[in-house]
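Biologist: Please walk me through how to read this model. Start with the strands, then the metal sites.

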Amino acid sequence: MSTNTEGMDTHLIDGPDSYTHDDSHSSEVRYSVFVSPQSKGKRSFCQEPFKVATACLAAICLILLMVVMVISIHNKGSIAVQESAGQDSPSSSAEAHKQKACINVTDLTAELQMLKKEKNDLEKESSHLKAKIAELEAILTPRTTPAQVTAKNSCPKGWMLFKSSCYFISVFSRSWLESQSYCKQKGGHLAIIHTPEEQSFIWDLLPRGHWNAYWFGISDEKEEGDWYWVDGTKLVGGFWEDGEPNNHIKEDCGYMVKTEVLSRVATKSWYDAPCYMSRPWICEKEATESS
Ligand SMILES: [Ca+2]
Ligand SMILES: [Ca+2]
């Protein structure tokens, strides 16, 4: 028994060769306890691959760690950039809205100024038109005196009242004689004008035009130069234009002219003209009194 033990120790001390040849007694514990100095170098040689593998693993781990760190840093940087961009975006958007609002305000201000100008222009035009309407109404409204109001003179439709007479302005044209016939049919005669007021009233009824000439009730057909009214009374004075009547081409009938020249006046508007000329005319007849 002791011999076997001593032999076994001898094999162990002798080294791996002996150990190799005695597989039946192999033991990791024993090997580690009874390893000889010579076999120690050989064991380091066998452990070298494990160290290399360990080193490689450590290196790989280190590389992975570095990769993870790099990725982490990169991700943080990206997040920071995104956050930065996310923070700038509302600011930029607000600035853009502000600029747009400023532009809109400028546009609206300009439009407001333009509308104010248009309003002023329209107000001026409105005032002008109101004045024109008042002027036309004054022309078309029969002018009456208090006495006439009391008398309640009235005229047929289309005839204008002045004092005790009604006046009709034709829109058609006829000769002087045909015009007088028309007035007679209506119960009157071509207008007989005695006063500047009557002349002005009739003149105001006439529209302006290039040469608006209206027959009225005066003629010198019987005796050249002797002017008579259609009621047989002789003319006294008159409202002739300068240089008229001139009987230029046998002009024996009178008309009054209203042109677009504003400087012309009612009391210098009469002309003598050929009686056959076709012109509009002015009728006059007595107003109807009603109580
Ligand atoms: Ca004449
Ligand atoms: Ca004449």
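**Strands and calcium sites**

Modeller: Strand β5 (residues 212–219) and β7 run antiparallel, joined by 5 bridges. Strands pair if DSSP finds at least two bridges between them. Helices (H or I, at least four residues) and strands (E, at least two) are DSSP runs, numbered from the N terminus. This is a predicted model: local features need pLDDT of at least 70, side-chain atom pairs count only at pLDDT 80 or more, and totals for chains, interfaces and linings use all residues. Residues are numbered from 1 along each chain as written, chains are lettered from A and ligands numbered from 1 in the order written, and side-chain values use heavy atoms, without hydrogens and water.

Biologist: Which residue in β8 is the bridge partner of Y255?

Modeller: Y271. β7 pairs with strand β8 (residues 270–273) over 4 bridges, again antiparallel.

Biologist: Is β7 buried or exposed?

Modeller: Buried means under 20% relative accessible area, exposed over 50%, partly exposed in between (1.4 Å probe, protein chains only). In β7 (residues 253–258), 6 of the 6 residues are buried, so the strand is largely enclosed by the rest of the structure. C253, Y255 and V257 cover one side; G254, M256 and K258 are on the other.

Biologist: Which residues are the protein donors of the calcium ion (ligand 2)?

Modeller: Donors are N, O and S atoms within 2.8 Å of the metal (3.2 Å for Na, K and Ca); water is not among the atoms, so sites may look incomplete. Here they are E244, N246, E251 and D272, at 1.9 to 2.5 Å. E244 is buried at 18%; N246 is partly exposed at 39%.
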